[in-house]
Amino acid sequence: MKANRSGAGARRPLIDGVDKVTGKAQYTADLPAPNALVGRIFRSPYAHADIVAVDTAEAAALPGVVAIVTGQDCDKPYGILPISQNEFPLARERIRYRGEPVAAVAAVDAETAERALKLIRLKVAERPAYFAAADARREDAVLLHDNKRGNLEREVHNEFGDVAAGFARADLVREQTFRCAEVTHAHMEPHAALATYEPERGHLTLHSVTQVPYYVHLSLARCLDMDPSRIRVVKPFIGGGFGARTETLNFEIVCGLLARAARGTVRLDLTREETFLTHRGRPESDIRIRIGMTREGRLTACEMEMVMRGGAYGGYGIVTILYAGALLNGLYDLPAVKYDGYRVYTNTPPCGAMRGHGTVNARYAFDALMGEMATELGLDPIEVRRRNLLKAPTETINGLRVTSYGLPEALDWVERASGWRERYGKLPKGRGLGIACSHFVSGSAKPVHWSGEPHATVILKLDWDGGIVILTGASEIGQGSSTIMAQCVAEVLGVDWERIRVVASDSLVTPKDNGSYSSRVTYMVGNATIDAAENLKKLLVEAAARKLKTTTEDIECLGEAYRAASSGETLSFKETTVEALVGTGTLTVKGTFTCPEDFQGGKHRGGAVGSTMGFSYAATVVEVSVDEVTGLVTVERAWCALDCGYAINPLSVEGQIQGAVWMGLGQAICEETRYENGLHTAANFLDYRVPSIAESPPIEVGIVESLDPNGPFGAKEASEGPLSSLPAALAEAVRNATGLALRELPLTPERVAGALEERERERRAAARKSAKQPATEGAV
């Protein structure tokens with residue numbers, strides 16, 4: 001597709017970029033509210049306990065305290081999935097993790113609110129607490145939720161193909177265990193909410209950092225027992241999400257409760273520590289995986305057991321444990337898969353969705369073991385992956401449809417760019433290369449809340465001034481979705497970029513959208529935007545035909561002008577707009593997108609999870625150096641090629657790929673959430689280590705365009721797919737550099753140095769044992 005100045009294929013800076021870099025952008029905590037009360041949350045110091053009493057009398061009597069709410073003020077649970085709503089915004093009857101909200105205060109200033117928290121008295125009867133999945137699954141363990149036997153939120157058991165026959169056919173079968181630490185999103189902006197309650201009208205307005213305003217709207221209506229028409233939800237600028245904000249979070253509902261109790265406006269800004277506690281990160285995972293392979297490197301079968309430490313409540317847990325198994329498929333030609341997944345309740349903060357939702361840890365284990373087996377067979381790791389490629393279009397053994405597949409080209413690109421053939425296995429001691437592949441969905445084919453509505457709806461407004469306003473409920477969270485929509489309109493209509501404005505995520509004026517999660521916006525909202533633009537174009541062509549007294553077939557759309565081909569007469573865009581408004585006034589047109597049922601997954605239980613209309617595909621090569629004294633792993637360079645279908649904005653795609661690689665790097669070498677008796681011991685950016693710019697390597701990006709037949713202009717997702725390949729590629733590079741297969745993330749200096757020391761101890765022990773052996777017969 002030929003790129004024009006502002007439409008699809010153009011390298012445009014993000015539409016909101018100037019506001020962000022100049023400081024003009026207002027985030028939730030920046031919004032002016034001069035008379036707002038200050039909200040604060042009283043959090044439990046206990047990890048697991050029955051609530052005996054919450055005494056707020058002394059706090060309520062403190063001058064300047066306007067309102068206090070507790071669990072008694074909300075008897076409705078909430079949660080992203082209707083079948084797993086078991087969390088209250090403020091704990092009722094039982095506390096299930098240290099730091100769980102118990103009460104909240106609204107006061108005239110921060111000092112008063114803090115003083116009031118210290119006056120709240122909590123009386124409890126403690127219960128045994130479990131901070132590891134294995135402990136929570138013991139037969140004698142106390143249940144965190146009485147209706148969940150064995151403290152299992154969900155267990156999944158699937159088998160596709162003949163697994164036993166697959167292993168019997170293999171020339172090499174290997175089984176290993178892998179462990180991945182819990183990690184969090186580390187978004188720059190702490191959580192914040194601003195709520196205003198109008199008692200005269202019974203209306204509530206909430207501004208929040210959410211990725212899913214519609215789901216927040218539903219939860220507020222449910223938990224506050226309000227008619228949804230009395231609620232307005234607005235998402236201002238947001239400083240990162242990465243999945244942390246893809247479900248309603250407790251502080252959003254608490255802020256609404258406080259505003260209603262105070263009959264006014266309440267600002268609730270969480271600290272960084274509180275943001276860590278309200279994180280919904282990637283769960284700690286223990287993985288056992290078994291793979292069968294022929295001597296030629298063809299996969300024959302895979303068996304995986306995944307145990308996730310999910311934390312205290314449901315959230316996205318059901319989806320996460322399903323994703324991990326479903327997306328073992330769809331990347332390679334895998335003839336047989338058996339998957340057993342266990343999502344376990346523990347007395348830690350709840351985990352949820354994080355970039356690459358459900359796939360990252362499973363893909364790390366799979367591709368790392370695949371690489372080890374390639375080495376054992378004496379095969380090149382890239383060549384092994386080539387021998388297991390899919391051929392699109394196809395359908396996987398678990399019912400996922402693959403309509404475009406650029407992984408072969410992605411492998412070719414990283415092989416060339418990294419100099420793989422010339423350098424693999426030939427680098428100096430302590431230096432190595434690793435390869436891995438990954439994929440991800442372009443939006444979940446079946447929405448969380450099925451209402452029969454389209455998956456996406458976009459409205460375009462054209463008025464007398466000639467300006468085109470895009471009205472969308474889709475959340476711009478830094479990924480560039482608003483820019484993509486503007487480029488879609490510019491491409492279809494051919495108009496100047498400056499003519500287009502985007503108004504997003506205000507339930508008062510924008511249509512409902514399911515939100516920014518599962519990389520759905522470009523694909524689904526992009527298609528809806530194109531549909532709306534085509535509908536507007538049709539009206540403009542009809543108007544031009546009327547004015548020029550010709551047929552619509554005779555009219556040529558030239559973007560900023562409309563011309564009759566037969567006569568050569570031309571109308572400017574403004575003149576065409578004036579004609580289009582005659583007799584009707586302001587034009588509003590709608591575009592929609594609905595995922596066809598054929599793409600909505602297999603017929604087995606949980607089969608909708610993992611289904612999508614288009615998968616992105618990534619190949620990543622990492623080069624590392626390892627200090628064999630300190631164990632420090634340094635990533636020298638990374639190469640990542642992504643099949644994104646079509647790059648509507650190549651500049652944005654490149655940035656998304658680099659961000660995904662960087663986030664994967666953090667999980668691979670340094671990021672780790674830690675608890676001591678339930679207390680978060682790394683709830684700040686000093687103790688929770690994310691890579692700094694000094695540790696971030698040069699990242700070279702290759703864009704592969706497979707032109708998906710259903711995507712907007714052929715586009716697919718471009719943000720989450722690359723992440724999953726980075727940890728395995730890095731682990732492979734470390735193995736290539738040191739000869740050690742390390743199977744626990746992150747690969748911190750302590751873990752790497754410990755493994756190197758253990759190998760040296762074993763070598764010395766073997767040497768001593770050999771020296772003590774009696775001389776064999778015939779020795780000189």
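This is a predicted model: local features need pLDDT of at least 70, side-chain atom pairs count only at pLDDT 80 or more; totals for chains, interfaces and linings use all residues.
Helix α3, which spans residues 110-118, has Thr112, Ala113, Ala116 and Leu117 as its buried residues. Seen down the axis of α3, these buried residues fall within an arc of 140°, so they line one face of the helix. An α-helix has 3.6 residues a turn, and therefore residues three or four places apart point the same way.

The buried residues of α3 pack against β1 (37-43), α2 (57-60), β3 (65-70) and β5 (101-107), whereas Glu111 and Lys118, on the other side of α3, are exposed.

## Strand β9 and its partners

Strand β9 (residues 192-198) is largely enclosed by the rest of the structure, because 5 of its 7 residues are buried. Strand β9 pairs in the antiparallel sense with strand β12 (residues 265-269) over 5 bridges, and within this pairing Ala193 has Leu268 of β12 as its bridge partner.

Strand β9 also pairs in the antiparallel sense with strand β10 (residues 203-208), over 6 bridges, with Ala195 standing opposite Leu206 of β10. The hairpin of β9 and β10 has 4 residues between the strands, and in this hairpin Gly202 takes a positive phi near 70°.

Notes: Residues are numbered from 1 along each chain as its sequence is written. Side-chain values use heavy atoms; hydrogens and water are left out. Buried means under 20% relative accessible area, exposed over 50%, partly exposed in between (1.4 Å probe, protein chains only). Helices (H or I, at least four residues) and strands (E, at least two) are DSSP runs, numbered from the N terminus. The arc is that of the directions from the helix axis to the C-beta atoms. Contact means heavy atoms within 4.5 Å. Two strands pair if DSSP finds at least two bridges between them.
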